[in-house]
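Me: I have a model open and want to talk through a few spots. Can you take them as they come?
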Amino acid sequence: DPDFGDGGISIFSILDSDWTSEGARAVTVTPDDRILIVGAKHLSSFGPSYGYITRLDDDGVMDSSFGDYGDGIVHAVYDTNTELSAIALDDDGRIVVAGWSKSADSRDPGALSVARYLPDGILDDSFGEGPAPMGVTHLADPCAIEASDVAIQQDGRIVATGSACGPDERLSAARLLSDGTPDPAFGDSGMLVLDRGYGEELLLSTSVSGDTRIVLGGSVGEPGFDGSLDFALTRLADDSSLDPSFGDGGMSVTDFGDGAPGRSEGIEALADTPGGRILAAGWAQLLPNYTEPWVYAYDFLVTAFDENGTVDSSFGKEGSTLLDFGSDSERAVEILRRANGNLVVVGRTAPKTQDRKIAIAQLSPDGAPAEGEHKTITEVDGAGLTAQGATLDNHGRLLVVGYVAYERGGVDIFAARYLFRELE
């Protein structure tokens with residue numbers, strides 16, 4: 001979009017220094033078309049990290065009226081180290097962010113951190129409970145969750161998902177009441193720990209009877225170079241119990257490969273459809289990449305599940321679509337459904353950060369390539385672009401955020417906006 005940033009992309013830094021690195025991890029849009037971005041900033045290779053929230057105007061320029069000091073930036077420092085990975089807006093325009101924080105003590109496993117800000121970027125002191133600063137809630141029992149997604153139920157309760165209990169990661173979720181205190185009706189004092197694997201994405205839906213249903217997406221199995229991970233969906237009832245009508249006792253696990261060691265798949269993004277179908281996008285680990293020892297090749301993997309957690313065989317080729325952009329390693333990070341029903345899948349190419357490009361594909365609702373040129377690549381000279389989050393704005397335009405890694409060194413934040421041409 002030529003009206004956004006510099007020729008469609010805005011590249012900027014929170015701290016202007018070659019010794020720091022930073023990146024955007026998630027994005028959302030306010031009703032008045034302003035763009036909220038969250039991520040993390042590392043002060044040095046071995047130094048602490050902190051989270052941030054920034055707000056851009058519709059043209060991609062930082063909104064200086066937002067933040068602690070009216071400079072467009074909220075500095076999220078909940079402990080010695082803080083990283084933010086997810087963002088959502090409630091009905092009152094308040095900003096809910098989720099991530100992870102830990103102290104300087106190497107023995108500290110860290111904690112899931114959820115915070116709420118007023119629309120102007122000031123911490124909401126009516127949210128949370130001690131000993132964290134007011135406005136912030138930490139959860140670390142029975143173990144720390146590194147949050148990857150957050151969503152807000154219609155009743156104001158906040159759900160986060162991620163991976164917990166490292167190094168043996170577990171697919172996990174947590175829920176807070178609308179005041180930021182742990183929900184005693186969910187899991188064990190607000191936290192639920194499930195099977196071994198990685199939690200990446202959260203989807204809230206409503207059943208025909210009006211009940212809230214929580215769908216968690218990720219991968220389960222044996223991680224590691226010789227392990228085997230599979231697509232995993234879990235559906236929870238509102239009380240966090242596994243929904244027995246979904247998959248096998250509440251969990252749907254699908255192996256799209258041959259089950260051999262090192263052949264894995266993982267969900268990175270979910271979306272739903274009016275008919276109750278669940279769309280999932282992520283990655284499929286393919287044959288080894290012989291041009292780069294000990295590196296496997298990956299392609300985008302997109303699939304659809306029916307409301308019971310069974311792969312929809314009418315989607316794509318027998319239930320799935322593989323997308324290859326001609327690179328050695330490609331991963332999808334987001335799937336979005338446009339107003340016309342087409343699906344937009346966003347991710348990145350290449351294993352090396354300095355060589356990466358933004359990769360975008362458009363599919364028809366049945367998983368086939370959309371008519372016309374359905375794939376596009378975005379690159380910049382002298383740097384790599386790693387996409388980490390995406391959304392559609394109020395006008396149907398595509399926003400992609402992530403980080404820029406320069407060949408000369410240094411990492412900055414980027415936001416890019418795309419228009420959709422009607423395909424002939």
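**Contacts, core and sheet**

Reply: Start with V114. Beyond its neighbours within four places in sequence, V114 contacts V96, V97, A98, F127, G135, V136, T137, I158 and L176. Keep in mind that the model is predicted.

Me: Which residues have the most contacts inside the largest nonpolar core?
Reply: L112, V114, V150 and I158. That core has 18 residues.

Me: Which elements give two or more residues to this core?
Reply: Strands β6 (81–89), β7 (95–102), β8 (111–117), β10 (145–152), β11 (158–164) and β12 (170–176).

Me: Now S101. Where does it lie?
Reply: In strand β7.

Me: Is S101 buried or exposed?
Reply: Buried. Its relative accessible area is 3%, and the cut-off for buried is under 20%, so S101 qualifies.

Me: What does the side chain of S101 make a polar contact with?
Reply: The side chain of S113, at 2.6 Å.

Me: What else is S101 in contact with, leaving aside neighbours within four places in sequence?
Reply: Besides S113, the list is Y78, D79, N81, T82, G110, A111 and H138. For A111, the C-alpha separation from S101 is 5.6 Å, with the two 10 residues apart along the chain.

Me: Switching topic. What is the order of the open sheet of 4 strands?
Reply: β1-β27-β26-β25, with antiparallel pairing. At the edges are β1 (9–12) and β25 (383–392); each has a single partner strand, so one side of each lacks a neighbour in the sheet. From one strand to the next, the twist averages 20°.

Me: How many bridges join β25 to β26?
Reply: 9, and the two strands run antiparallel. β26 covers residues 398–406. Opposite G402 in β26 stands A387.

Conventions
Residues numbered from 1 in each chain as written. Predicted model: local features only at pLDDT ≥ 70, side-chain atom pairs only at ≥ 80, totals over all residues. Heavy atoms only, no water. Pairing = 2+ DSSP bridges. Axes fitted to C-alpha atoms, helices over the stretch in contact; angles between N-to-C directions. Core = buried A, V, L, I, M, F, W, Y, C linked by side-chain atoms within 4.5 Å. Buried < 20%, exposed > 50% of the residue type's maximum accessible area, 1.4 Å probe, protein only. Contact = heavy atoms within 4.5 Å. Polar contact = N/O pair within 3.5 Å; in protein donor to acceptor, adjacent residues only side chain to side chain.
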